[in-house]
Amino acid sequence: MALTQLLYLPSSSSIISHKPQSNPAAKPFLTSPSRLRSRGLRRPHPDSLRCLASSSFSETNHTYSPKSNDPIELPLFPLPLVLFPGAILPLQIFEFRYRIMMHTLLQTDLRFGVIYSDSTTGAADVGCVGEVLKHERLVDDRFFLICKGQERFRVRNLVRTKPYLVAEVTWLEDRPSGNGEEDLDSLAAQVEAYMKDVIRLSNRLNGKPETAEAQDLRRNLFPTPFSFFVGSTFEGSPREQQALLELEDTATRLKREKETLQNTLNYLSAASAVNDVFPSSSTRE
């Protein structure tokens, strides 16, 4: 699926797109659901925990129901990305301290916390549990993992930092919305409609035909997991993704995503109009 960059030249690798910026108010971008399965990070993590590919979203409709509000200890992986519940994250682990952690996880419950971290803002307080679905131990003791996002959590206390981070966390869930489930369904349908329009215009700008992939983006997801799916496609703006992850109200999250999609659609519509008037402009780039 071909999608386009917001405030940048059209690109076939994203729905709504721009490079990460220092301005936290900058508009984020949406990444094509198909590209979520293939795109990789372009820079290594300073802690040498390398992400081989960006997160993709599981099509299975799951609910995320932590069993207790009691704090628990959870090993943490700081990464320059945001993991959402339901998203799939391939990782390759080669630094010694994280290999130690993997040996421990393989003997316990295969769950760890992914928290967004960058050089400007440091590590976030809210993250998402990654559960190891598949793993392969390589000959040099590196590990290749396929992980899936599960519950969100909030870091309450740092227990230790060596050989790897371990924190005391509590679970984070969306509060019941006062608008009712029917309104959430309506809002989710509006968000899906904007996503389809963005995909359609993006494909048009890139000279690509419309595809069947854009016909059913929601895939029977309830509003809350669908809001996480939408957030997972805003791949080029991790700070905006982090803000969406931290929200505890599904309606607020969907409304914020709808606003971003509306802004992107306005940009694409203007770009499409310019392209119609000056069709040779895109070929000169």
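**Strands and salt bridges in a predicted model**

Me: In this predicted model, in which sense do β9 and β10 pair, and over how many bridges?
Reply: A hairpin of 5 residues joins β9 to β10. Within the pairing, F153 stands opposite W171 in β10. The two strands, β9 and β10, run in the antiparallel sense, and their bridges number 7.

Me: Which residue in β10 is the bridge partner of L74?
Reply: β10 also pairs with strand β5, residues 72-79, in the antiparallel sense over 4 bridges. The bridge partner of L74 in β10 is A167.

Me: How many of the 7 residues of strand β10 are buried?
Reply: Strand β10 covers residues 166-172. A residue is buried if its relative accessible area is under 20%. By that cut-off strand β10 is mostly covered, and the number of buried residues is 6.

Me: Is Q150 buried or exposed?
Reply: Q150 lies in strand β9, residues 143-160. Its side chain makes a polar contact of 3.1 Å with the side chain of E131. The relative accessibility of Q150 is 14%, so the residue counts as buried.

Me: Where in the chain is D174, the salt-bridge partner of R152?
Reply: R152 and D174 form a salt bridge in which the closest N and O atoms are 2.7 Å apart. The pair links distant parts of the chain, 22 residues apart: R152 is in strand β9, and D174 is in the loop between β10 and α2. R152 is buried at 4% relative accessibility, and D174 is buried at 19%. The place of D174 is the loop between β10 and α2.

Me: Why does the salt bridge of R99 and D141 tie together separate parts of the sequence?
Reply: The side chains of R99 and D141 meet at 3.4 Å, N to O. R99 lies in helix α1 (residues 96-105) and D141 in the loop between β8 and β9, so the pair ties together parts that are 42 residues apart in sequence. R99 counts as buried at 17% relative accessibility, as does D141 at 19%. The reason is therefore the separation in sequence, which is 42 residues.

Me: Which residue is linked with R99 and D141 in a network of salt bridges?
Reply: The structure holds 14 salt bridges. One of them joins R99 to D141. The network that contains these two residues also includes R137.

Me: How many disulfides does the model hold?
Reply: A disulfide needs two cysteine sulfur atoms within 2.5 Å. C128 is buried at 0% relative accessibility, and C147 is buried at 0% as well. The count of disulfides is 0.

Conventions:
Residues are numbered from 1 along each chain as its sequence is written. This is a predicted model: local features need pLDDT of at least 70, side-chain atom pairs count only at pLDDT 80 or more; totals for chains, interfaces and linings use all residues. Side-chain values use heavy atoms; hydrogens and water are left out. Buried means under 20% relative accessible area, exposed over 50%, partly exposed in between (1.4 Å probe, protein chains only). A polar contact is a pair of N or O atoms within 3.5 Å; within protein, one must be able to donate a hydrogen and the other to accept it, and residues adjacent in sequence count only if both atoms are side-chain atoms. Two strands pair if DSSP finds at least two bridges between them. A salt bridge is a side-chain nitrogen of Lys or Arg within 4 Å of a carboxyl oxygen of Asp or Glu.
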